[in-house]
Amino acid sequence: MSNILSRIQEIAINEGITIGALERIIGASKGVLSRAISNGTDIQSKWLQKIVENYPHYSANWILTGEGSMLKSEIKGTASPNTMDTAYIYNMYEDYKKLQEKVLAEKERRIKELETKLAKLEQQESPTTNSDSHAETVQKKRSSSRISGSSAQPDAPTIK
């Protein structure tokens with residue numbers, strides 16, 4: 001990973017920005033890249049993806065492996081984005097879109113399920129005219145123990 005981090009530093013230098021500025025551009029929290037660089041620790045793949053998305057003129061292959069040219073325009077005969085890269089990104093987008101649809105459908109199903117359960121619970125707990133609610137019963141017990149002057153709770157066991 002440290003080689004990838006050194007290439008990320010090269011990108012920042014080449015762009016004339018600081019690592020902090022690069023973090024802001026890719027939407028990372030302050031210190032995500034700089035701490036990884038100083039500690040030699042790994043970074044999440046989403047940050048690599050964000051760098052590739054925000055700096056498409058850098059070769060993703062070079063960022064990951066260090067092989068080939070740093071800039072895509074330096075690759076022989078290609079001054080435009082690689083069609084394989086474009087297809088890959090499009091497929092990733094389509095997969096993401098399908099996943100979002102599945103997640104949304106599952107959440108909608110779960111909401112309906114919970115709404116049904118809530119409606120049943122509300123029907124079961126609807127107050128009847130002949131009985132007090134649990135909260136009212138507890139309140140009456142407390143006030144009657146205060147009136148009688150008893151400091152002990154009415155149903156508390158006695159320890160001998």
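Visitor: What makes the 21 residues a nonpolar core, and which of them touch the most other members?
Guide: In this predicted model, the largest nonpolar core has 21 residues, and Ile8 and Ile43 touch the most other members. A nonpolar core is a set of buried Ala, Val, Leu, Ile, Met, Phe, Trp, Tyr and Cys residues joined through side-chain atoms within 4.5 Å. Buried means under 20% relative accessible area, with exposed over 50% and partly exposed in between (1.4 Å probe, protein chains only).

Visitor: Which elements give two or more residues to this core?
Guide: They are helix H1 (2-15), helix H2 (19-26), helix H3 (32-39), helix H4 (45-54) and helix H5 (60-65). H1 gives the most, with five residues. Helices (H or I, at least four residues) and strands (E, at least two) are DSSP runs, numbered from the N terminus.

Visitor: What does Ile8 touch?
Guide: Leaving aside residues up to four places away in sequence, Ile8 touches Ile19, Leu22, Leu33, Ile43, Leu48 and Ile51. Contact here means heavy atoms within 4.5 Å.

Visitor: Why are H2 and H3 called oblique to each other?
Guide: Their axes come within 7 Å and cross at roughly 135 degrees. Axes are lines fitted to C-alpha atoms, for helices over the stretch in contact, and angles run from 0 to 180 degrees between N-to-C directions. Under 35 degrees counts as roughly parallel, over 145 as roughly antiparallel, 65 to 115 as roughly perpendicular and the rest as oblique. H2 and H3 are therefore oblique.

Visitor: Which residues meet there?
Guide: Ile19, Leu22, Glu23 and Ile26 in H2 meet Val32, Leu33, Ser34 and Ile37 in H3. The residues of this contact divide into six nonpolar, one polar and one charged. Ala, Val, Leu, Ile, Met, Phe, Trp, Tyr, Cys and Pro count as nonpolar, Asp, Glu, Lys and Arg as charged, and the others, Gly among them, as polar.

Visitor: Which residues of H2 are buried?
Guide: Ile19, Ala21, Leu22, Glu23 and Ile26 are buried. Just after H2, Gly27 takes a positive phi of about 85 degrees.

Visitor: How many helices does the chain have, and what share of its residues is buried?
Guide: The chain has seven helices and zero strands. Buried residues make up 18% of its 160 residues.

Visitor: What do these values rest on?
Guide: Local features need pLDDT of at least 70 and side-chain atom pairs count only at pLDDT 80 or more, while totals for chains, interfaces and linings use all residues. Residues are numbered from 1 along each chain as its sequence is written, and side-chain values use heavy atoms, with hydrogens and water left out.
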